[in-house]
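Welcome! Please take a slow look at the model below, and then we will walk through it together.

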Amino acid sequence: MLPKAPEHHGKISRAAQVSRSVNNTGVVRERETGVGRAADGGVGSGGEARHAPPAPLDVLVIGAGQAGLSSAYHLRRRGYEPHTGFVVLDHSPAPGGAWQFRWPTLTYGKVHGMHALPGMELTGADPERPSSEVIGAYFAAYERAFELPVRRPVDVSSVRDGADGRLLVRTSVGDWAPRAVINATGTWDRPFWPRYPGQETFAGRQLHTARYPGPAAFAGQRVVVVGGGTSAVQHLLEIAEVAAETTWVTRRPPLFRSGPFGAEEGRAAVAMVEERVRRGLPPRSVVSVTGLPMTEAMERARAAGVLDRRPMFDRLTRSGVAWDDGRFVEADVVLWATGFRPAVEHLAPLRLREAGGGIALDGTRAVRDPRVHLVGYGPSASTIGANRAGGAAVREIHRLLGQPTPVAA
């Protein structure tokens with residue numbers, strides 16, 4: 001049961017996302033999802049012709065996951081008026097951010113480190129209920145409680161320089177001209193698919209964590225799970241219960257940690273990720289720095305041989321995966337639990353990337369454009385990090401803008 005919110009005073013964009021699907025012959029095909037297709041003067045997802053001038057705003061938030069809602073909360077506290085002072089655009093069909101797309105067996109009790117949004121706790125949730133339902137309902141209640149101006153589904157195709165020092169944000173339902181943008185688009189819409197020889201000839205199924213359907217789909221099959229992160233381990237523990245055989249492969253030996261992980265260790269891990277972002281390098285996840293927490297279930301799985309990791313294979317064949325030293329494993333399915341990349345292609349017209357391939361940040365502010373803040377990117381890509389970063393971004397934007405500018409409705 002969700003708590004009643006306290007009385008309070010007055011994703012997500014995907015730009016020309018390309019993902020891969022695998023047909024039943026094993027051929028990997030790239031396809032455009034249709035996101036960001038609305039061109040100038042075209043028709044948006046609501047069937048509206050886009051001829052109107054861009055709507056002026058103080059701040060536009062792109063994405064309504066944890067980072068976007070936290071930012072919207074802090075904008076309200078600073079006095080920015082919903083709809084006229086700020087708007088939140090979300091490409092997803094319903095509240096819940098990326099959580100609404102999680103697999104049904106990821107129950108709320110299995111969620112690692114879900115931190116409440118500012119101003120409203122999540123209490124009394126059934127740990128056996130799917131996390132997609134629990135967090136989706138929580139986010140929906142949060143949007144209502146604080147009267148956050150979330151518009152969905154809206155796809156953002158580009159953010160570029162506009163007139164009079166403003167930015168110009170083009171979307172599937174019209175254009176906006178904000179004085180600043182908070183980008184909170186996360187990573188879920190950019191699953192990373194490594195390329196290996198033989199992918200096109202593999203006769204089995206290939207799928208990514210982003211489309212993981214739960215363990216029942218792998219009953220009686222031989223499954224190769226690729227990846228050394230939390231999702232890979234969660235998949236293995238579930239699939240091993242029903243599969244004929246599982247094989248775990250990673251590029252590097254997985255790092256497990258046991259014992260306490262306190263505030264000091266957490267700060268050190270975040271600082272390592274933050275340093276990469278400050279230097280303009282592609283961000284790494286905090287988990288990649290901290291390692292995987294060893295749980296009792298993982299200890300049992302390791303003792304049973306489920307977490308017996310093998311080095312990354314060199315190629316796929318029609319019937320499995322192979323190593324150059326002659327080893328071979330037959331497989332019906334290859335599950336790529338290989339992570340995600342930041343969904344920031346819509347920011348490309350602003351040329352924010354550095355030579356190292358990432359967007360350099362000073363705090364949450366893009367070094368190359370102080371009007372743009374990235375929340376949920378790099379060191380703030382966690383639920384508690386997103387909360388803090390949302391507040392920090394709003395403080396800086398408030399200083400940059402001086403004060404909210406009244407806009408006629």
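A residue counts as buried when its relative accessible area is under 20%, as exposed when it is over 50%, and as partly exposed in between, using a 1.4 Å probe and protein chains only. This is a predicted model, where local features need pLDDT of at least 70 and side-chain atom pairs count only at pLDDT 80 or more, while totals for chains, interfaces and linings use all residues. Residues are numbered from 1 along each chain as its sequence is written, and side-chain values use heavy atoms, with hydrogens and water left out.

With that in hand, turn to Asp 164, which counts as exposed because its relative accessibility is 78%. Asp 164 sits in the loop between strands E6 and E7 (167-171); helices (H or I, at least four residues) and strands (E, at least two) are DSSP runs, numbered from the N terminus. Although Asp 164 is not a glycine, its phi is positive, at about 55°. Arg 351, in the loop between E18 (333-336) and E19 (361-362), also is a non-glycine residue with a positive phi of about 55°.

Now for the interior. A nonpolar core is a set of buried Ala, Val, Leu, Ile, Met, Phe, Trp, Tyr and Cys residues joined through side-chain atoms within 4.5 Å. The largest one here has 38 residues, and Val 59 and Ile 182 have the most contacts inside it. Elements supplying at least two of its residues include strand E3 (55-62) and helix H7 (383-401). Apart from this core lies another, of 26 residues, with Tyr 212 and Phe 340 among them.
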